[in-house]
Amino acid sequence: MILVTGGAGFIGANFVLDWFAQGGAGAVVLDKLTYAGNRHSLRPLEGRPGFHFVQGDIADHALVGRLLVEHRPHAVLHFAAESHVDRSIHGPGEFIRTNLVGTFELLEAVRAHWSALPAAERGAFRFLHVSTDEVFGSLGEHDPAFHEATPYAPNSPYAASKAGSDHLVRAYHHTYGLPTVTTNCSNNYGPYQFPEKLIPLMILNALDGKPLPVYGDGQNVRDWLYVGDHCDAIRTVLARGRLGETYNVGGKNEVRNLDVVQSICALLDELRPRAAGRYAGQIAFVADRPGHDRRYAIDPRKIEAELGWRPRETFTTGLRRTVQWYLDSTEWVQRVRDGRYREWIETNYAGRAQ
Ligand code: NAD
Ligand code: DAU
């Protein structure tokens, strides 16, 4: 049995679906169901023995304590977070409340439970913190990729709140001996990603005949990893990661944003051609993101050498699968694009036209 926070979000839902698909016996999902949380993503698991969904906040110490006593998970996998950089620029408060204070409250509840466990259970217990490469800041074109010892230099309120949560997890291991492991992963993409992030936003805008808003000059670089490979890395670190360690996770797939968008357009030209013209004709350069990090790149040698993890998908194979999933999943797409989604699109893009 595992307790998964944020299991109705993009990566959390993929993780829980994979967990059961790979023979996992049980999982309790604790999710607040913010705009980014979607129970529909977990629909294949409804009614399945061993699957429990609880709507609630990671900052609710009493609730987390009750769930730990009731289900006795051997591990807590902490995905829950506010995760979108642009939203953190428009409203950082919720990022501090969930990512920093929420992680603190969660750690406190877990520490209280873990300290009281019998020795054998205490020894087997794990707290796995899912974090990001954005805590390391931004790279220049020729800088070496982020490794585990790269100094933290977060640039957005989102990245700063995640950096703070990483430091808390580190301190709980160092001070209290809580058996923690942390992963710092690069940009994920794949099924069930909320369409505020680059790849699903571009796919859906393209299909709707809307502009494809590329920030700045489109030359910012991200290191893309298919979400299934990230979930595999998390299972690997959970099973064999060394306590108190951090592991950088990435697919060595550095791509410029404009190239990502053009690849999506080319796939759509093939899989769902427009009546006339090509999707790339919808590309529109818009005002840049304030403080926009130029380049991220992950050096994954530690997880590869120590734990034998390797990604399965290349960006080419993973992007094709992703575009096909969005083409096939019209019901899921319809459900997430509610009034709150339309309000966000208006807030983020109205003032950007150039
Ligand atoms: P997401 O925004 O899709 O999902 C976050 C989930 O957390 C949602 O289901 C939401 O309802 C839930 N949540 C938010 N606040 C909560 C609270 N206070 N209590 C309980 N649940 C709450 O995010 P994601 O992209 O799936 O990211 C998951 C984790 O992975 C995050 O910690 C993020 O920082 C990290 N990460 C993401 C990426 C990426 O590219 N998406 C890459 C590296 C690391
Ligand atoms: O690196 C890991 C991080 O990747 C995670 O920690 C975050 O949770 C996740 O959201 C992601 O952050 P990014 O800011 O890199 O992802 P996003 O999809 O928002 O943007 C990717 C790039 O595309 C970034 O350089 C900004 C650009 N972009 C984004 C949007 C939404 C555009 O050019 N246009 C857009 O409309």
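These notebook entries record what I looked up in the predicted model.

**Basis.** I worked with a predicted model in which local features need pLDDT of at least 70 and side-chain atom pairs count only at pLDDT 80 or more, while totals for chains, interfaces and linings use all residues. Residues are numbered from 1 along each chain as its sequence is written, chains are lettered from A and ligands numbered from 1 in the order in which they are written, and side-chain values use heavy atoms, without hydrogens and water.

**Helix α6.** I noted its buried residues, including Tyr-158, Lys-162, Asp-166 and Tyr-172 (buried is under 20% relative accessible area, exposed over 50%, partly exposed in between, with a 1.4 Å probe and protein chains only). Among the elements covering the buried residues of α6 I found α3, α4, β5 and β6. After α6 comes Gly-177, with a positive phi near 75 degrees.

**Gly-137.** I placed Gly-137 in the loop between β5 and α6. Gly-137 has a relative accessible area of 0% and therefore counts as buried. Beyond four places in sequence, I found Gly-137 in contact (heavy atoms within 4.5 Å) with Phe-146, Ala-153, Asn-155, Asp-293, Arg-295 and Tyr-296.

**Nonpolar cores.** I then turned to the largest nonpolar core, which has 73 residues (such a core is a set of buried Ala, Val, Leu, Ile, Met, Phe, Trp, Tyr and Cys residues joined through side-chain atoms within 4.5 Å). Helix α1, residues 10-21, gives this core its largest share, eight residues. Val-16, Leu-42, Leu-77 and Ile-199 have the most contacts inside the core. Leaving aside neighbours within four places in sequence, Val-16 is in contact with Val-4, Gly-7, Ala-27, Val-29, Leu-42, Leu-45 and Phe-51. I also recorded a separate core of 22 residues, among them Leu-30, Leu-67, Leu-106 and Ala-109.

**Thr-236.** I located Thr-236 in helix α8, residues 227-240. Thr-236 is classed as buried because its relative accessible area is 11%. Not counting residues up to four places away in sequence, Thr-236 touches Gly-241, Leu-307 and Trp-309.

**Phe-104.** Lastly I checked Phe-104, found in helix α4. Phe-104 counts as partly exposed because its relative accessibility is 31%.

Methods:
Helix = DSSP H or I, 4+ residues; strand = E, 2+ residues; numbered from the N terminus.
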